[in-house]
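Here is a short report on one protein chain. Keep the sequence and the 3D view open while you read.

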Amino acid sequence: MRIKGAKYFVKPGQRFGRLVVIKEFSIIKYGYPLRRVRCKCDCGNIIETNLSSIFKHTQSCGCFRRENSANMLRTHGLWYDPVYAIFVNMKSRCYNKKDKNYNRWGGRGIGICKEWLDNPKLFVDWAYSNGYKKGLTIERIDNNGDYSPDNCTFADRLRQANNTRNNRIIKYNGDELSMADFCRKYNLNYFRFGARTGRLNWSIEKSMINCGHYVPMNDTDKARSLYERDDIMY
Ligand SMILES: [Zn+2]
């Protein structure tokens, strides 16, 4: 007859993690003897458990796990935050080779800035103070850049579809810049400006004015651009 835990031997006073053995005893379970131990935990609790389990996983009365999950919550308290879910997905497609989207992110060298990676709470705080709303997804302004505070914005999926892989080069005033760099240089809203120069096929100047940038132009153009200023919001 096989006795469960037969290969294990303990002495009173022997320590397993936070548990110190008081004594071994046995009970009958399902018709067979089962070796049990009574232990005192460092926190003061006295528990009884299967002898075999203190050799495997049980290292405290349960206080260790409770403290750990409390610590987790204290560290960032984000498990139920929808923005934290965005972070988890973002991290997965950048760093988890098994993620079905890895090829299009991590595989292309796209990562997450160190400060967010080290402390997801910073990402969540940034998101709430930078336009996150339910239903919006995170979008990188420069499609070849990392996820970082200066390269990210929140967009709805439709808008994203209009702007993905937007590698258009903007020529203006002797500059030749990518859409992203151009918008950064002139402090323009990337999506607003992109929609006007792209889908709406407006001129660079008119789009810039529409996005709030001052550009010298003749009176007719100016009048028209002001008239059209609020005619369409995406
Ligand atoms: Zn304990």
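Start at the hairpin of β2 and β3. Two residues lie between these strands, and Tyr30 takes a positive phi near 50°. The model is predicted. β2 and β3 pair in the antiparallel sense, over 10 bridges. Ile27 stands opposite Leu34 in β3. Val20 has Lys40 in β3 as its bridge partner.

Two further hairpins can be traced. Two bridges join β1 to β2 (residues 19–29), and the two strands run antiparallel. Phe16 has Leu19 in β2 as its bridge partner. β3 and β4 form a hairpin with four residues between them. In this turn Gly44 has a positive phi of about 110°. Five bridges join β3 (residues 32–41) to β4, again antiparallel. Arg38 is bridged to Glu48 in β4.

## The sheet as a whole

What is the order of the strands in this open sheet? The four strands run β1-β2-β3-β4, with antiparallel pairing. β1 (15–16) and β4 (46–50) are the edge strands, each pairing on one side only. As a general point, strands of a sheet pair through backbone hydrogen bonds, either parallel or antiparallel.

## The largest core

Nonpolar side chains tend to be buried together in soluble globular proteins. Here the largest nonpolar core holds 26 residues. Which of its members touch the most others? They are Met179, Cys183, Leu188 and Tyr190. Six elements are listed as giving two or more residues to this core: α3 (82–95), α5 (120–128), β6 (152–155), α7 (179–186), α8 (190–197) and α9 (204–210). The core draws at least three residues from each of domain 2 (82–163) and domain 3 (169–227).

## Helix α7

Which residues of α7 are buried? They are Met179, Ala180, Phe182 and Cys183. They cover an arc of only 165° around the axis, so they sit on the same side of α7. The general rule is that an α-helix has 3.6 residues a turn, so residues three or four places apart point the same way.

The buried residues of α7 pack against β7 (169–172), β8 (175–178) and α8. Take Cys183 as one case. Leaving aside residues up to four places away in sequence, Cys183 touches Leu188, Tyr190 and Phe193. After α7 comes Asn187, whose phi is positive, near 55°.

## Gly111 in its loop

Gly111 is found in the loop between α3 and α4 (114–118). Is Gly111 buried, exposed or partly exposed? Gly111 has 18 other C-beta atoms within 10 Å, so it counts as partly exposed. The cut-off for buried is 20 or more, and for exposed it is 12 or fewer.

Where do its contacts lie? Gly111 touches Cys94 and Asp146, not counting residues up to four places away in sequence. Tyr95 is 16 residues from Gly111 in sequence. In space the two are 7.4 Å apart, C-alpha to C-alpha.

## Chain totals and confidence

The chain has 10 helices and eight strands. Of its 234 residues, 19% count as buried. Among contacts with a separation of 6 or more, 35% are between residues 24 or more positions apart.

How confident is the predictor? The mean pLDDT of the chain is 82, and 80% of the residues reach 70 or more. Over residues 229–234 the pLDDT is below 50. That stretch has three contacts in the model beyond near neighbours in sequence.

How values were computed:
Residues numbered from 1 in each chain as written. Core = buried A, V, L, I, M, F, W, Y, C linked by C-beta atoms within 7 Å. Domains from an automatic or database assignment. Contact = placed C-beta atoms within 7 Å. pLDDT = per-residue confidence, 0-100. Arc of directions from axis to C-beta. Pairing = 2+ DSSP bridges.
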